[in-house]
Amino acid sequence: MIPAVETLLKEIRNKRIAPVYLIHGDEPYYLDLIADQLEQVAVPAAEKGFNQFVLFGKDTDVGSVINYARRYPFMAERQLVLVKEAQQLGGLNDKTSQQLLEDYALKPLSSTILMLCFNKEDSKFTVDERKTWVKAFGKQGILLGIKKIYENKLVDWVADYCHKQGAKVSPKACQLLADNIGNDLKRLAGEIDKILLNLHVGEEITAATVERLVGISREYNVFELQKAIVSRDVLRANRIVDYMGRNPKDNPLVVILAQLYGFFAKVLLVQASRDQSEKGLASVLGVNPFFVKDFTQAARTFPIAKVADVIHSLRRADARSKGIDCPTLSEADILRDLVFEVLH
């Protein structure tokens with residue numbers, strides 16, 4: 001988990017709550033996690049009906065939010081005003097509205113907790129932390145920007161999430177989840193939760209568990225395609241490509257290309273590294289030592305010049321998938337051509 005998010009969640013859990021919050025970024029999973037945590041502890045359950053207001057930006061405007069914030073709680077110590085999808089607030093780009101937000105943030109009502117959640121992923125509006133109305137939230141409360149997690153950190157994120165749930169998980173299962181679901185953290189967390197519901201107490205999450213419960217084909221996935229390519233098993237690689245071509249919804253080309261590109265980019269790093277020890281390569285690649293052998297095997301199978309050709313072929317396939325050069329070529333044909341170029 002992102003350290004700043006973990007710290008904020010801990011503060012909220014311990015009821016060390018600020019009067020104003022402005023949370024923004026392109027990772028909705030963490031925005032929702034923080035908002036949900038505040039909802040749980042800010043106002044006692046018996047008082048929520050009168051003193052908790054969850055608003056959505058598209059249904060209100062800045063003036064109305066400030067009016068909610070300035071009212072006093074009903075027979076209670078404090079109230080919560082939580083605005084989700086705040087990037088859609090009416091009047092947000094208006095200087096008068098921004099001044100209203102700034103004035104309130106600098107002198108918030110002690111009996112109100114106001115949180116604004118801006119989802120950059122779903123909007124052209126960007127919170128600029130250099131603007132005075134935004135800075136005002138940081139002076140009297142919390143101003144936090146959250147960036148989307150990088151692809152190369154996903155495996156660690158999956159492992160960390162599982163461990164926090166008290167579950168054992170194998171490195172291969174982490175990789176399989178990360179590769180097949182990508183950096184949609186909401187969906188990743190949901191799939192892991194689904195797996196945990198179906199496990200016996202103390203049972204480890206393995207690659208076989210993921211394949212069975214998440215619906216990933218045991219034989220026909222990008223992981224297996226990668227293995228077939230590295231072992232130069234032309235027949236098996238073509239069988240997998242044929243299956244993927246017939247099931248494009250479950251095997252989007254963009255995901256396959258991203259996975260193969262990431263793999264061969266790491267193979268180049270192996271070939272360029274002076275330290276060829278397992279520990280040294282794991283550090284250079286940013287992977288669990290368990291996976292180092294996959295990259296060293298590929299580095300032996302494919303000379304450095306061939307790896308460069310493979311990366312060039314992947315880039316060309318990506319361009320084709322966007323309609324460049326061959327606008328009429330299907331995703332199945334693009335993948336078939338790519339695997340042929342890689343293996344020959």
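Predicted model: local features only at pLDDT ≥ 70, side-chain atom pairs only at ≥ 80, totals over all residues.

Biologist: Rings, then. How many aromatic pairs does the structure hold?

Modeller: The count is eleven aromatic pairs. One of them is Tyr29 with Trp157, an edge-to-face pair at 5.6 Å centre to centre with 80° between the planes.

Biologist: Where in the chain do Tyr29 and Trp157 sit?

Modeller: Tyr29 is in helix α2 (residues 28-42) and Trp157 is in helix α7 (residues 154-164), so the pair links distant parts of the chain, 128 residues apart.

Biologist: Are Tyr29 and Trp157 buried or exposed?

Modeller: Both Tyr29 and Trp157 are buried. They also belong to a cluster, in which ring pairs link Tyr29, Tyr30, Trp157 and Tyr161.

Biologist: What about Phe53 and Tyr68, what kind of aromatic pair do they form?

Modeller: Phe53 and Tyr68 form a tilted pair, 5.1 Å centre to centre and 50° between the planes. This pair also links distant parts of the chain: Phe53 belongs to strand β2 (residues 52-56) and Tyr68 to helix α4 (residues 62-70), 15 residues apart.

Biologist: Why does Phe53 count as buried?

Modeller: Because its relative accessibility is 17%, and the cut-off for buried is under 20%. Tyr68 is partly exposed, because its relative accessible area is 30%.

Biologist: Switching to backbone. What is phi of Lys15 near?

Modeller: Phi of Lys15 is near 60°, a positive value in a residue other than glycine. Lys15 lies in the loop between α1 (3-13) and β1 (20-25). With 54% relative accessibility, Lys15 counts as exposed.

Biologist: And Arg232, where is its place?

Modeller: Arg232 is in the loop between α11 (222-230) and α12 (234-246). Its phi is near 55°, again positive in a residue other than glycine. Arg232 has a relative accessible area of 35%, so it is partly exposed.

Biologist: Now the surface. Which residues form a nonpolar patch?

Modeller: Phe50, Phe74 and Met75 form one on the surface, with about 400 Å² of accessible area together. Phe74 is in the loop between α4 and β3 (79-84). At 44% relative accessibility, Phe74 counts as partly exposed.

Biologist: Last topic, β1. How many of its residues are buried?

Modeller: Six of the six residues in β1 are buried, and the strand is mostly covered. Both of its faces are covered: Val20, Leu22 and His24 are buried on one side, and Tyr21, Ile23 and Gly25 are buried on the other.

Biologist: What does β1 pair with over six bridges?

Modeller: With strand β4 (residues 112-119), in the parallel sense. In that pairing, His24 stands opposite Phe118 in β4.

Biologist: And how many bridges join β1 to β5?

Modeller: Five bridges join β1 to strand β5 (residues 142-146), and the two run parallel. There, Gly25 stands opposite Ile146 in β5.

Terms used. Residues numbered from 1 in each chain as written. Heavy atoms only, no water. Phe/Tyr/Trp six-rings, centres within 6.5 Å; stacked < 30°, edge-to-face > 60°. Helix = DSSP H or I, 4+ residues; strand = E, 2+ residues; numbered from the N terminus. Buried < 20%, exposed > 50% of the residue type's maximum accessible area, 1.4 Å probe, protein only. Patch = residues over 30% accessible without salt bridge, like charges linked within 9 Å, V, L, I, M, F, W, Y side chains within 5 Å. Areas by Shrake-Rupley, 256 points an atom, 1.4 Å probe, with all protein chains shown as cover. Salt bridge = Lys/Arg side-chain N within 4 Å of Asp/Glu carboxyl O. Pairing = 2+ DSSP bridges.
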